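Here are my notes on this one, written as numbered points. Keep the 3D view open and click along as you read.

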Amino acid sequence: MVMQRYLLTYVGVVLTLSPHHFIRAIEVPRDSSIQDELFQPPTITKQSVKNYIVDPRDNINIECEAKGNPFPTFTWTRNGKFFNYGKDPRVTRRSKSGTLSIDFRSGGRPEDYEGEYQCFAQNRLGTAISNKIVLQVSKSPLWPKENLDIQEVHEGAPLILACNPPPGLPPPAIFWMSSSMESIHQDKRVSQGQNGDLYFSNVMQEDALTDYSCNARFAFTHTIQQKNPYTLKVLTKHPHNETSFRNHTDMYSARGVTERHPSFMYPTGTSSSQMVLRGEDLLLECIASGVPTPDIIWHKRGGELPVGRISYENFRKALRIANVSEEDSGEYFCLASNKVGSSRHTVSVRVKAAPYWLDEPENLVLAPGEGGRLICRANGNPKPSIQWLVNGEPIESSLPNPSREVKGDTVMFRDAQIGSSAVYQCNASNEHGYLLANAFVSVLDVSPRILAPRNQLMKVIQNNRTLLDCPFFGSPIPTTRWFKNGQGNTLHGGNYKMHENGTLEIIMARREDQGTYTCVATNILGKAEIQVRLEVKDPTRITTGPTDTVPKKGSTIHLSCRIKYDSTLKLTVTWLKDDSILYIGNRMKKDEDGLTIYGVSEKDQGYYTCVASTELDRDTARAHLTVLARPERPRDLELTDLAERSVRLTWIPGDDNNSPITDYIVEFEEDKLQPGVWHNHSRYPGSVNSAVLRLAPYVNYQFRVIAVNEVGSSYPSLPSERYQTNGARPEINPTGVQGAGTSKNNMVISWTPLNATQAYGPRLKYIVKWRRRDTRESWSNVTVSGDVNKYTVTQTPTYVPYEIKVQAENEFGRAPEPDVVIGYSGEDLPSSPRYFKIRQPNLETITLEWEHPEHPNGILIGYTLRYQAFNGSKTGRTILESFSPNQTKFLIQRTDPVSRYRCDLRGRTQIGEGEPAKGESPSHLNEAYAKNQGDIATQGWFIGLMCAIALLVLILLIVCFIKRSRGGKYPVRENKDVPLDPDDQKVDNGSFDYSDEDNKPLQGSQTSLDGTIKQQESDDSLVDYGEGGEGQFNEDGSFIGQYTVKKDKEETEGNESSEATSPVNAIYSLA
């Protein structure tokens, strides 16, 4: 015989024993088609609670719902007697239900319907009964009127203010308030007990500042009743002002209150006992008096308090143990202690138990001739008694049934027959309560029914365990067999396994297991069969799954998920985050290869699971995403170890967001000079959460802390409390002292002021001193306020060095003597560069040389050169060059061999460009001649010739001297014919003459570069420029002078200068 198990649709499995064989009860499926055909005894499905308290303002509904076939009828009893509700106009029964409704809208008192009710549901197969429902109407009686005397109590003495609320149903919730409806502050000294009384462990003077009223709140009626208030009068030996003791370390001794040993106010004495029922919460309470207020500690003798089930209430004066069991019995003690001593109270706890089920009887369905049993086992303390009923009547008084036998908690059935169906009740009761269970016995004869659909298609995954279900029903219980592809052999053994509920198990599905399977169910009344077609598919596998990733906040990551699956099945890929469906937002993109997350943030952290599923199977791959982010800000800043110049700052670190904290930055803010501005104070390793901070005098500090990790910095913590340090004289002077002029006749002395942590005191000032350097003049000084950072000295000479000092001073004194700093008064434009020379060493370049201005009038910052090529009336563009102040030479690359150059050189200071030094490059003829001369001068014959000429000139000079000494005469021109002195011919045109006075030619002569007399030359030997003039050149061809005579004068006076005054002419005359 095969047992039917269909977990989702069957109820009630009951095993039976017979002397001959093991018989299993029939399970009736909940299939509606079968339920409608089969006759079943009644079953109670819903009922009101045993203790039913109702609101007197509402209608009353006493619930009783049942099912059965035929549908049951309902009757009620009240207080053990038949309740004829049909005769009461206020009571109606709902249609197709046993629920009673009592309507008071037309009048009536709910209290008239209080009592014990029981519902009976009956059809022709039996009767089911409900629990006994005790109906009570909620009550909220008024508080009795009473006059309360003023409570006089000595300060430090204990006090109990009794509440004694009126009895209510259910009991009211108690709370204490003043008559002005303000809550009474409670702490370990003043608190409310479980009985509603208000306990003072010791009374203090401030307790008399208010009155005390007990309030009762009734839940069902939603009303609050208030007792007349108590008024306290505290008697004290030392009246005082409360604020004078607010911060005193020993409040009681400061008030003259005598210290007292702890003693128990509730419960009284040294021991007590308490009983609790199994499954309820055990609440133990100890309230003690004493000065100072005692602390309460709980223990269990011979064991530990149960972990996970205890909680402390009422400032540790109450211990709650949830869901107690027999193991929680024993002795518990509370220890009340203060600095005077300690007291102990022991509570003996006994755990009793209302009945609870060990085996609750279940419905039994039998075929004719079969047997079974109903079992009813319960436990409790004391041990409950078991009573059997049948159809609501004691089984002893029911009709005899030869197939039934009662043995204590078991009812045995043998050879059951049609017509012996009934509903049995088991009642387990003791002094703490009762349990009532209904279980029916139904005898049925039904031909086999297969409850699964016919011609099913079943797809399975290869190599998986496969179950082909064949749910069936019948009475007697049918046998089942399976066949494949119409073959006559029953499938059992090898890769197949038959189960009692008709299921065929294929241990490992293979491709060759595909085909059509037939299930046949048979009993003595007939048979039924179904067919199942089986298809075997490839499994779904994730070949490349996501891996654990640790990105930084804001980066982009990709979680891989590559899948292999059976192409005949539809694949669905789903992503989970922390085992919940992941919402794919704008920052995420799902594709065939995986999931991409852009700009990851802290909320993206967690476990990501790729779920690849088809209709048959699924595969998952999981990885953890750890986002590195800036740490959370530190919190709970605290200042301790307060000293004159230091304080200890402690903080609680915030979450490091997966990146260890490397540093803490401590910042401070002061409210005098820069309120609201935060400054860096110090930096500490990330392993610490406390630091001693060095402080400056006269600063009202406020601190905050910033945590730093590899990703970045946290938000600043909330500020600490403020700490004000005392003042002192400054220890340092302003830094960055300097003096510089903004105009040529002043000097601005500036400095970097002291900040808030350097001022050290109020009324900060600066003493500014100055005097000219290298003089013996006395110091000038002026005092300015601390918010000033400069002072201007006027009427100073141009660019003169000064000695400068700036000294800090506050209300407590002056800073140390400051160092002397050298500053300068204002600058002016420099004079022109000295010794400006323009040289032409070759036809390709022009060399400029100069020296620094004689009067720089400041710091020379460079030179500016402007030069321009010209050729006759044609001029090129002006070219600008800038040089460093150390440069004194510059090379001009000529663009062509014909043009000359005009040059303008000026020095620069911060004020601007100074006076110019001007000049022009030499002409081309002199340039060529000088070059030829340079070439001839290197020849040997030329050197010999020059020596001979020099000798002849010497001889002629000697002859002339001799003749003159003898009175000889020389031809002399008239004054009017004497040519102009070359010095007189000079015209100031901005050029420079570097010839020496000793080397001037004889008056009226015009010499060449080598000192010989210059003969008539062509008109184009020099080019007119400006006023014109004859240039003079050094031996290297450099320009050393200017033209001094107009060209028309040159032609005339040049011939006239060839007189006897010239030694060469004298030679010609002698010749």
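1. Cys470 sits in the loop between β44 (466-468) and β45 (472-475) while Cys519 is in strand β49, so the bond ties together parts that are 49 residues apart in sequence. Helices (H or I, at least four residues) and strands (E, at least two) are DSSP runs, numbered from the N terminus.

2. Before you go on, a word on what you are looking at. This is a predicted model, in which local features need pLDDT of at least 70 and side-chain atom pairs count only at pLDDT 80 or more, while totals for chains, interfaces and linings use all residues. Residues are numbered from 1 along each chain as its sequence is written, and side-chain values use heavy atoms, with hydrogens and water left out.

3. How many disulfides does a search of the whole structure find? The count is 6. In case the word is new, a disulfide is a covalent bond between the sulfur atoms of two cysteines. If you number the bonded cysteines of the protein chain in sequence order, they pair up as 1-2, 3-4, 5-6, 7-8, 9-10, 11-12.

4. Now find the link from Cys64 to Cys119, with 2.0 Å from S to S. This one is left-handed, at -75° about the S-S bond. Cys64 belongs to strand β8 and Cys119 to strand β13, so the pair connects parts that are 55 residues apart in sequence. Cys64 is buried at 0% relative accessible area, and Cys119 counts as buried at 0% as well.

5. Cys561 and Cys610 make another disulfide, with an S to S distance of 1.8 Å. Their S-S torsion is about -70°, so this disulfide is left-handed. Cys561 is in the loop between β52 (557-560) and β53 (562-564), and Cys610 is in strand β58 (residues 606-613), so parts 49 residues apart in sequence are tied together. Cys561 is buried at 2% relative accessible area, and Cys610 counts as buried at 0%.

6. Next, the aromatic rings. Rings of Phe, Tyr and Trp (its six-membered ring) pair if their centres lie within 6.5 Å; planes under 30 degrees apart count as stacked, over 60 as edge-to-face and the rest as tilted. By this rule there are 19 aromatic pairs. Take Tyr496 and Tyr517: their pair is tilted, with 6.4 Å centre to centre and 55° between the planes. Tyr496 is in strand β47 (residues 496-498) and Tyr517 in strand β49 (residues 515-523), 21 residues apart. Both tyrosines are buried.

7. Trp770 and Tyr791 have ring centres 5.6 Å apart and planes at 35°, so they too form a tilted pair.

8. Which residues have the most contacts inside the largest nonpolar core? They are Ile60, Ile62, Trp76, Tyr117 and Leu135, in a core of 31 residues. A nonpolar core is a set of buried Ala, Val, Leu, Ile, Met, Phe, Trp, Tyr and Cys residues joined through side-chain atoms within 4.5 Å. Elements giving two or more residues to this core include β7 (60-62), β9 (73-78) and β13 (115-123). Apart from this core lies another, of 22 residues, and Tyr517 is among them.

9. Finally, zoom out. The protein chain has 8 helices and 82 strands, and 43% of its 1071 residues count as buried.

Terms used:
Buried < 20%, exposed > 50% of the residue type's maximum accessible area, 1.4 Å probe, protein only. Disulfide = S-S within 2.5 Å.
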